[in-house]
Amino acid sequence: MLLTVVFVSIACLAALMTQIIMWRVRLPRNHFKMLLIIFGLFLILGILGLGLVADWTYSLMFAQCYGLLALSYISFYSLIEGQSPSLCIVMAVHRKGADGLSLVQADELISAEDVVGVRIRELERDNLIFAKNNTYQLTRKGMLLARLFGFGRRALGIRKGG
């Protein structure tokens, strides 16, 4: 069991360091895809390495633990990468410290930030939407994602969101 924990720790740190180095050298066009490739590569290396060093049962435990950590990190990365209104407000309040952020300053912040424009550029970058005849349309991948989220919302009984 300790061997699995050591392998998971080493693989996660190695994947994270690989990502940091790659992002500092050159930002990839599609962050999500590159993160899946990086963490997937270390998943395969960990499974093979642990399978050769110990019993293959440990490889299964490694895959479960590492997979959960990797997917958690990738989902966390999408939060810190984007510029959501909530994140902008939280960071502005944090910068103000004990003084806090006034309601007027918060309103000014939201009106000054181009949150929607940033999101549109990110969706284009990730090949989920494209511009055609002065309109935005979903790509095949975007349509698949929209259907997946729509199904999830209906299954959970969530009517409106955005």
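**A hairpin and a helical core**

Strand 1 (residues 129-132) and strand 2 (residues 135-138) pair in the antiparallel sense through four bridges; strands pair when DSSP finds at least two bridges between them. This is a predicted model, in which local features need pLDDT of at least 70 and side-chain atom pairs count only at pLDDT 80 or more, while totals for chains, interfaces and linings use all residues. Residues are numbered from 1 along each chain as its sequence is written, and side-chain values use heavy atoms, with hydrogens and water left out. Helices (H or I, at least four residues) and strands (E, at least two) are DSSP runs, numbered from the N terminus. Two residues lie between the strands, and Asn-133 takes a positive phi near 55 degrees.

Turning to the helices, helix 3 (residues 56-81) has 26 residues and reaches 36 Å from its first C-alpha to its last, close to the 38 Å expected at 1.5 Å a residue; the expected span is 1.5 Å times one less than the number of residues. Its buried residues (under 20% relative accessible area; exposed is over 50% and partly exposed in between, with a 1.4 Å probe and protein chains only) are Ser-59, Phe-62, Tyr-66, Gly-67, Ala-70, Ile-74 and Tyr-77. An α-helix has 3.6 residues a turn, so residues three or four places apart point the same way. The buried residues of helix 3 pack against helix 1 (2-25) and helix 2.

From helix 2 (residues 31-53) comes Ile-47, which is partly exposed because its relative accessibility is 25%. Beyond its neighbours within four places in sequence, Ile-47 is in contact (heavy atoms within 4.5 Å) with Trp-56, Ser-59, Phe-62 and Ala-63. The C-alpha atoms of Ile-47 and Ser-59 are 4.9 Å apart, although 12 residues separate them in sequence.

Rings of Phe, Tyr and Trp (its six-membered ring) pair if their centres lie within 6.5 Å, with planes under 30 degrees apart stacked, over 60 edge-to-face and the rest tilted. The structure holds four aromatic pairs. One of them joins Trp-23 and Tyr-77 edge-to-face, at 6.0 Å centre to centre and 85 degrees between the planes. Trp-23 lies in helix 1 and Tyr-77 in helix 3, so this pair ties together parts 54 residues apart in sequence. Tyr-77 is buried, at 9% relative accessible area. The rings of Phe-39 and Tyr-73 are tilted because their planes meet at 35 degrees, with centres 5.5 Å apart. Phe-39, Phe-62, Tyr-66 and Tyr-73 form one aromatic cluster.
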